[in-house]
Amino acid sequence: MKIALAFEFQIVENIPIEKRDIPMDKIITEKIDYIDLEYSLTEIKNLIIKAHENNVKVILSSHNFDSTPPKENLIKDLEKMVCIGSDIIKIATMVKNLDDIISLLHLINYAKKKKINIIIIGMGEIGKITRIVSYLFGSKIIYCSIPGEKAAPGQFDYKKLIEIIKDFE
């Protein structure tokens, strides 16, 4: 199991790059494998170009902390994100029921048929299962936490995650 060094930057407020505590344009030049950038960032296209110039792969992310949109909307969002030129697309939604899980798995299937590199994350306790199932069915990366550290809703710590994945290999 390979572990890549990645930096995830989510938008908290729409703060211009030059006014952020951690300027992304400088992080991109560091020795990282991936940078995870939020799709809604106003300067996204320039950041992707800079990352690629520095041999850093880009994960383009979309987060919906409230719900999981219908699968048709998820597909439209995916298609818009593909046009920007990232290496991997990440879609994370809040999962509230089985229909939400099925919508996310449908999106993985769609992306696989279109040869789109994708990461799917179902947030929340109900969505926890998607972190494993999506990986087994083609999601490229699983986000995990350090044991004992604060984690995103439904996120496994890396030790538990490795145990679970080994059971399926």
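Modeller: Buried means under 20% relative accessible area, exposed means over 50%, and partly exposed lies in between (1.4 Å probe, protein chains only). This is a predicted model, where local features need pLDDT of at least 70, side-chain atom pairs need 80 or more, and totals for chains, interfaces and linings use all residues. Residues are numbered from 1 along each chain as its sequence is written, and side-chain values use heavy atoms, without hydrogens or water.

Colleague: Okay. How many helices and strands are in the chain?

Modeller: The chain has 6 helices and 5 strands. Both are DSSP runs, numbered from the N terminus: helices are H or I with at least four residues, strands are E with at least two.

Colleague: What order do the elements run in?

Modeller: From the N terminus, the order is β-α-β-α-β-α-β-α-β-α-α.

Colleague: And what share of the 169 residues is buried?

Modeller: Buried residues make up 43% of them.

Colleague: New topic. How many salt bridges does a search of the whole structure find?

Modeller: The search finds 1. That takes a side-chain nitrogen of Lys or Arg within 4 Å of a carboxyl oxygen of Asp or Glu.

Colleague: Which side chains meet there?

Modeller: K90 and D36 do, at 2.7 Å from N to O. The pair links distant parts of the chain, 54 residues apart. K90 is in strand 4 (residues 88-94), and D36 is in strand 2 (residues 34-38).

Colleague: Is K90 buried or exposed? And D36?

Modeller: K90 counts as buried because its relative accessibility is 1%. D36 has 2%, so D36 is buried too.

Colleague: Now the backbone. What is phi of K115 near?

Modeller: Phi of K115 is near 60 degrees, a positive value in a residue other than glycine. K115 sits in the loop between helix 4 (98-113) and strand 5 (118-123). K115 has 75% relative accessibility, so K115 counts as exposed.

Colleague: What about phi of N55?

Modeller: N55 is not glycine either, and its phi is positive, near 55 degrees. N55 is in the loop between helix 2 (44-53) and strand 3 (57-64). With a relative accessible area of 70%, N55 is exposed.

Colleague: Last one. How do the axes of helix 4 and helix 5 cross?

Modeller: They come within 11 Å and cross at roughly 20 degrees. So helix 4 is roughly parallel to helix 5. Under 35 degrees is roughly parallel, over 145 roughly antiparallel, 65 to 115 roughly perpendicular, and the rest oblique. Axes are lines fitted to C-alpha atoms, for helices over the stretch in contact, with angles from 0 to 180 degrees between N-to-C directions.
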